[in-house]
Amino acid sequence: MTPDPQIEIRDLRLAYGHKEVIHGISFEIFRHEIFGVIGPAQSGKTSLLRCINRTIDFSPDARVSGTIRVDGEDVRQTRDVHGLRRRIGMVAPLPVGLPMSIYDNVAFAPRCAGLKRKSDLDDMVERCLRQAALWDEVKDRLDSLGTKLSGGQQQRLTIARALSHQPDILCLDEFSIAIDPVTTMRIEDVLKELRQEMTIILVTNLTQQARRLADRTLFLWNGEVVELDSSEVIFSDHPGNPKTYDYVNGIFG
Amino acid sequence: MSASSDKLFTETPQVRRKLRQETLAKWVFAGMAGLMIIPLLLIIGYLVQRAWPSLSIGFLLDVPTHGMRDGGVWPAFVGTIYLVFLSLAVSAPIGILAAVYLNEYSRDNWFNRIINLAVINLAGVPSIVHALFGLGAFVYAARFGCSIISASLTLAIMTLPVIIASTREALASVPRSFREACWNVGATRWQTIRAVVLPNAISGILTGIILQVSRAAGETAPIMFTGAVFFKAVQKGSIFPYGLTDQCMALSMHLFTLATQVPDVKESIPFATAVVLMGSVLLVNTAAIGLRLYLRSHKKW
């Protein structure tokens, strides 16, 4: 796999009010790789994802500087923010089922984008629910409320929603912290299949999860890049930076 | 069972004292809340007792006769309905849209701080001042004259800030996580509001509007100078007796008139008027509570 940078981040700085949380980081994410981001709490991992899909705009006191290029286009200059967000799927840590039917949950994004024909929407809903490994459990009750599903089902529903607008990039922000291990394993299998179609950014504080899934892993600490390398190196006994070894082995953080 | 766990669950004097204090506190708080019922029952009881000779369906449908010393309250009843309906028809849409802007779109800048300040201050304006404003702005400056339009618009301005506040509260009760989930899939703010926020805030919004009915129906000062009159000849039982540019009678104004301006009125007539007014208000508020209970039971999360 020749490295083909899909996302380029140059000197990204983020401050909430007077407090700087990301201190000028630069790196690239390659097409069709699973890119892991590990680090302790408050290291800027979630904020980084929010900068990429521009949902940082919804935090009124956030100030961003630097460049983030997705497929060559500067994310901060783009006029079509909603189109950008449709190219990037986002899965939040806590499962969220929207208060509408399961069908409407998955059809919501295509409808917002303009897709109206029922047959197209039916196909889309089934495909996304199958891809998210949820179809078999809900195919007989697509009309029931999304909020009444279990946590693991709601998280898979969130993934189905994220897939419904056919993104090139899928961002997962600590997706497994609120769900059971069995569902986590199922979703990890889903991610391994999805990497053929899209680039996956996996933010996690479970270092073992990054070790299982990620091709390359970024260790972010206090808003700075400590080390970025292939997962084999990061999780080995001799990573480039001794701090990485300490963190992965639970000596701090 | 070890000896120490026996000691843990025995009722020492301290435990008994805490339980007594707990019970006492509960009864004090419950008593204070229960006291609320007493004034309401007293008022209703007193009014109904004094109004008894005049209370009948005929009283509602009949027009005032013999120089308002006898007869019914139909023109005033219809007039109040006109005023309440028209004033809410103006203030509800404006209030909801303003609340949506303030809760969903506005950032913390000088412009929005001024708006918030204006809403808070408007809520504190005394009703007699609203009346004078209505007189100057609608009766004279806008040339509507003394009419239902002027009176309704004055009432609309009076009810607007509270509708904004209750709508904002209803919107804020929708969890932010729903909005974020919608934004993450590329929905615009408006698409999110239309699909998730508004439909799930509607019960709170409607309840807030319905509760303003009692306020609009009960105020006398704002309508006194702007559109309500002492007497208007109206056909008994007619449903649309007034045009928008006409002046009208209203229950609150009628009550004031009967109590102060009409000598030798039959004693039960003003009380019966009050019963009609209070009864209508209680009915509407009960409908609001019923609506809220119904929509709560259908809550989607």
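1. Start with A:Gly152. In this predicted model, A:Gly152 counts as buried because it has 21 C-beta neighbours inside 10 Å, and the cut-off for that label is 20 or more. You'll find A:Gly152 in helix H6 of chain A.

2. Who does A:Gly152 touch? Setting aside neighbours within four places in sequence, its contacts are A:Ile179, A:Asp180 and A:Thr183. A:Leu84 is another story: 68 residues separate it from A:Gly152 in sequence, and the C-alpha to C-alpha distance is 28 Å.

3. Now zoom out to the helix itself. H6(A) lies across E6 and strand E7 (169–173) of chain A, and runs at about 170 degrees to E6(A).

4. Those strands belong to an open sheet of 6 strands in chain A, ordered E6-E7-E8-E3-E9-E10, with mixed pairing. Strand E6 (88–91) and strand E10 (224–230) are at the edges with a single partner strand each, so each has one side without a neighbour in the sheet. On average, neighbouring strands are turned by 15 degrees against each other, direction ignored.

5. Within the sheet, have a look at E3 (residues 34–38) and E8 (residues 199–203) of chain A: they run parallel and are joined by 4 bridges. A:Val37, for instance, has A:Val203 in E8(A) as its bridge partner.

6. Last, the contact between the chains. Chain A brings 22 residues and chain B brings 18 residues. On the chain A side, helix H2 (81–87), helix H3 (102–113) and helix H6 (151–163) each supply at least two residues. By type, the chain A residues touching chain B come out as 14 nonpolar, 5 polar and 3 charged.

How values were computed. Residues are numbered from 1 along each chain as its sequence is written. Chains are lettered from A and ligands numbered from 1 in the order in which they are written. This is a predicted model: local features need pLDDT of at least 70, side-chain atom pairs count only at pLDDT 80 or more; totals for chains, interfaces and linings use all residues. Two residues are in contact if their C-beta atoms, placed from the backbone, lie within 7 Å. Ala, Val, Leu, Ile, Met, Phe, Trp, Tyr, Cys and Pro count as nonpolar, Asp, Glu, Lys and Arg as charged, and the others, Gly among them, as polar. A residue is buried if 20 or more other C-beta atoms lie within 10 Å of its own, exposed if 12 or fewer, and partly exposed in between; C-beta atoms are placed from the backbone. Two strands pair if DSSP finds at least two bridges between them. Axes are lines fitted to C-alpha atoms, for helices over the stretch in contact, and angles run from 0 to 180 degrees between N-to-C directions.
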